[in-house]
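I opened a notebook for this chain and wrote down what I looked up, entry by entry. The sequence and the structure come first.

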Amino acid sequence: MTDDRTGAPRESGSQWYDNEAGPLVRPYAMTGGRTKPGPTGVRFDLIALVAVDPGAPGTDGMPLGPEHRTLIGLCRTETQSVAELAAGADLPVGVVRVLLGDLLELGCVTVSRPVPPAQLPDERILREVIAGLRAL
């Protein structure tokens, strides 16, 4: 028996996996069917920064899946945004948000949310500061 696309021989009775199709685990299976992160309804912006909590207990005894451990591994070296974690773990952003909600509830990670635009300094003030610095 041969593979219809490549013409390569395929053993009968063996399972055939398409490497180009990507992971075989569906996103809803990774999140247990959940679409929102945690019971608290925390929302993770794409630019929210995630870091491993230095005071977190060890993750050895925790019921974490491989995707959870991947996210912790990516955050262990440096703080990363939610978008960077999704790209690094090769997972959809929605799935990463749910998994990060789990990790946040377990105390494994900390999240610093971006500053809302209404709280940012006025552009006029920043221009005056720049002008003042140039005058020095």
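Entry 1, terms and source. I call a residue buried under 20% relative accessible area, exposed over 50%, and partly exposed in between, with a 1.4 Å probe and protein chains only. This is a predicted model, in which local features need pLDDT of at least 70 and side-chain atom pairs count only at pLDDT 80 or more, while totals for chains, interfaces and linings use all residues. Residues are numbered from 1 along each chain as its sequence is written, and side-chain values use heavy atoms, with hydrogens and water left out.

I looked up Leu136 and found it exposed, with a relative accessible area of 83%. Leu136 lies in the segment after helix 5 (123–135). I take helices (H or I, at least four residues) and strands (E, at least two) as DSSP runs, numbered from the N terminus. Accessible areas come from the Shrake-Rupley method with a 1.4 Å probe, and for residues only the protein chains shown count as cover.

Entry 3, the whole chain. How many helices and strands does the chain have? I counted five helices and three strands. From the N terminus on, the order is α-β-α-β-α-α-β-α. Of the 136 residues, 27% count as buried. The chain exposes about 9500 Å², and carbon and sulfur atoms supply 56% of that area. I also checked contacts (heavy atoms within 4.5 Å). Of those with a separation of 6 or more, 68% are between residues 24 or more positions apart.

I counted a salt bridge where a side-chain nitrogen of Lys or Arg is within 4 Å of a carboxyl oxygen of Asp or Glu. Side chains of opposite charge can pair when their charged atoms come close. The search of the whole structure gave three.
- Arg127 and Glu123 meet at 2.6 Å, N to O. They are four residues apart in helix 5, so about one helical turn separates them. Arg127 is exposed at 55% relative accessibility, and Glu123 is partly exposed at 47%.
- Arg124 and Asp122 meet at 3.6 Å, N to O. Asp122 is partly exposed at 39% relative accessibility.
- Glu128 and Arg124 have their closest N and O atoms 3.3 Å apart. They too are four residues apart in helix 5, about one helical turn. Glu128 is partly exposed at 49% relative accessibility. Shared partners join Asp122, Arg124 and Glu128 into one network.

I treated two strands as paired if DSSP finds at least two bridges between them. Strand 1 (residues 49–52) runs antiparallel to strand 2 (residues 80–81), with two bridges. Strand 1 also pairs with strand 3 in the antiparallel sense, over four bridges. Which residues stand opposite Val50? I found Gln80 in strand 2 and Val111 in strand 3.

A nonpolar core here is a set of buried Ala, Val, Leu, Ile, Met, Phe, Trp, Tyr and Cys residues joined through side-chain atoms within 4.5 Å. The largest one has 22 residues, of which Val50, Leu71, Val96, Leu100 and Leu103 touch the most other members. Helix 2 (66–77), helix 3 (82–89), helix 4 (93–106) and strand 3 (109–112) each give two or more residues. Helix 4 supplies the largest share, five residues. Leaving out residues up to four places away in sequence, Leu103 touches Leu64, His68, Leu71, Ile72, Cys108 and Val109.

With residues up to four places away in sequence left out, His68 touches Leu99, Asp102 and Leu103.

Asp90 sits in the loop between helix 3 and helix 4 and is exposed, at 62% relative accessible area. The phi of Asp90 is near 55°, a positive value in a residue other than glycine. Most residues other than glycine have a negative phi. Glu105 is in helix 4 and is partly exposed at 44% relative accessibility.
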